[in-house]
Amino acid sequence: MTVYAVLQSTGNSALMYMLKYQYCSSCHMLFLSSCTSVCQPNKDTTIWLTIFPTNMVLRVNINQIEPATQDWICKVQIVEIGRPRESLDKKCTFQNLILEDEEECQIKAVMYTDEIAQYAATLKLLNTYLISTAKVKVSPTSYGKPIHKFQWTLDKETVIEQIKESHEVEKPLPPPTKLNITSFDRLPHLMVDSAAEIDILAIVLRCGPQKNAGRSQHRCREITLCDNQRNQFLFTLWEDFGEIEGHEISSKMATEPDLLVILGRSIGISTYQGLSLQTRYNSTLRVNPTYPQAVALIKWAKDNKTMLLGSPSEKTSATSSISPMIVTPAGQQLISIAKISSAPSMGMFYVEAEMAILDEFQDFCVLECSGCKQKKRTKDRKDFECPKCNRKTSLVPRCSFQIDLIDNTTITTASISAELGEKLLSMIAEDIFDITCTKRQSLSLTHVHEMLSNKVFEIQLRKSSWGSSNTANATLSILSYMEKQHTPDSTTDRTPKKIKPLEIGDVEVMVTTATAGPSNAPAKFEPPTPTKKV
């Protein structure tokens, strides 16, 4: 088939090019065979290109495709394909794919119930396809940061042609090599927010059993991950991820001689139980992927298996057997409390300080939605219609209170919550709520004062900012702590100070918001609620 194109110009001089193309019906491409010019354009000449026939399909790459683009075709490879999953509202089944073009640009594609069954035998991981006129729309941001500003929907009107090795013109794309991996040593320095998602590549050291966890008893499975620097993190597989991918990991660990490596995409970062990782609604997990980076890590894990399994790493972020206590990473610089308070930047900081609860008359717990974990000001535990969950749900208590940190530079207040706070108080949230809110009594903190007295702790803090357009406030949250072990040859010249609880006459009760600074007056802080993210 021969196609003619006419180049016409506007300006002081007339210009016309006659272009002759040959059209290949197999690869849907135009090949220039001849060009004839009539005159030379001026520098301000505008060129207009008209191609006949006008119904020609446009061969483009991912970044050239927008919702308004019509009659396009794109060559892509499936570099990730999730399993079919049920939507949050239980109304449909969907399946996510990640597609990569010839320029290594990636985009998310999604299929729904009918198309999942239709393409089940056609769409396979690492196969190459010519995809034409998928439905293009702006990527939603409800469940995390998208990999591209647009996403595709593969529906009944989409044309999908697989490119096989025997194809006369097109050749399959080579195995993918592009990974946007976040290394474990960067995690403590990331600005964690509710939408933060990362891709990880890690060795699986241990895989726990399926269990119910948290106040809402969500099903989960905890596994311990490690990188080639022996940094370890707890990784929670929520709901069906624990049942399906978790079961696969557990079964392979029981039967295969070598350690497994997993590639996790769209993984969430949690500060709910120290700094840890967790699956999100759009996460995908793949065991022993074939990327060159994964192959190298598999080999390293095989060569160092004895060392990795011999003893727990000193860099472990969290374990499933104890409440998470993050040890200060090797080489991490300690900072004084005074410098944290004056530091303009947000992020993670490590301090050595004494801890004390100077405000004994705070509530020590809040009520939150059992579904989305949104904190509510009420103390009434009756069921209510949650606008975020879009259903009737109940309120459950969560431990949350203020604690004072003291070093030889200053004193400041930080928030501590959830299991970390419960462990410090040696009480669960239900009992705390019953005493402080239902019975309206004060907690007995004698045992806590004795436990904290004359002890120095290694503490990991997160500094966050919030406020309106006119004002900004900084808050500190404790992500982890552990008692500093006494060493006889320690060079510190600090003299431990014994913290005396305030008497009731010393306290002026007022409702305010805790900021990074001295806590001469008791304060109430409403921290971001760490939750299981979808």
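**Salt bridges, cores and aromatic pairs in a predicted model**

The structure contains 24 salt bridges, where a salt bridge is a side-chain nitrogen of Lys or Arg within 4 Å of a carboxyl oxygen of Asp or Glu. The model is predicted: local features require pLDDT of at least 70, side-chain atom pairs count only at pLDDT 80 or more, and totals for chains, interfaces and linings use all residues. Residues are numbered from 1 along each chain as its sequence is written, and side-chain values use heavy atoms, with hydrogens and water left out.

Side chains of opposite charge can pair when their charged atoms come close. Helices (H or I, at least four residues) and strands (E, at least two) are DSSP runs, numbered from the N terminus. Both Lys 75 and Glu 170 are buried; buried means under 20% relative accessible area, exposed over 50%, and partly exposed in between, with a 1.4 Å probe and protein chains only. The two residues also belong to a network of salt bridges that links Arg 59, Lys 75, Glu 102 and Glu 170.

A second salt bridge joins Asp 240 to Arg 83, with the closest N and O atoms 3.2 Å apart. Distant parts of the chain are linked by this pair, since Asp 240 is in helix α2 (residues 240-243) and Arg 83 is in the loop between β6 and β7 (85-86), 157 residues apart. Asp 240 is buried, at a relative accessible area of 18%. Asp 155 forms a salt bridge with Lys 135, and here the closest N and O atoms are 3.9 Å apart. Asp 155 is in the loop between β12 (150-153) and β13, and Lys 135 is in strand β11 (residues 135-138), so this pair ties together parts 20 residues apart in sequence. Asp 155 counts as buried at 17% relative accessibility.

The nonpolar interior comes next. In soluble globular proteins, nonpolar side chains tend to be buried together. A nonpolar core is defined here as a set of buried Ala, Val, Leu, Ile, Met, Phe, Trp, Tyr and Cys residues joined through side-chain atoms within 4.5 Å. The largest such core has 40 residues, and the members that touch the most others are Met 355, Ile 403, Leu 405, Leu 425, Ile 459 and Ile 478. Strand β26 (residues 395-406) supplies the largest share of this core, 5 residues. Apart from it lies another core, of 24 residues, including Cys 74, Leu 97, Cys 105 and Phe 150.

Leu 405 shows the surroundings of one member. Contact means heavy atoms within 4.5 Å. Leaving aside neighbours within four places in sequence, the contacts of Leu 405 include Ile 337, Ala 353, Met 355, Ile 411, Ile 459, Leu 461 and Ile 478.

Helix α7 (residues 418-425) is mostly covered, as 6 of its 8 residues are buried. These are Ala 418, Leu 420, Gly 421, Glu 422, Leu 424 and Leu 425. They pack against β21 (347-356), β26, β27 (411-417), α8 (429-438), α9 (446-452) and β29 (473-483). Ser 426 follows α7 and has a positive phi, near 60 degrees.

The model has 0 disulfides, a disulfide being a pair of cysteine sulfur atoms within 2.5 Å. Cys 437 is in no disulfide, and the nearest cysteine sulfur, that of Cys 365, is 4.0 Å away. Cys 437 is buried, with a relative accessible area of 11%.

Aromatic rings form 5 pairs. Rings of Phe, Tyr and Trp (its six-membered ring) pair if their centres lie within 6.5 Å; planes under 30 degrees apart count as stacked, over 60 as edge-to-face and the rest as tilted. The rings of Phe 94 and Tyr 281 have centres 5.5 Å apart and planes at 45 degrees, so this pair is tilted. Phe 94 is in strand β8 (residues 93-101) and Tyr 281 in the loop between β19 and β20, 187 residues apart. Both Phe 94 and Tyr 281 are buried.
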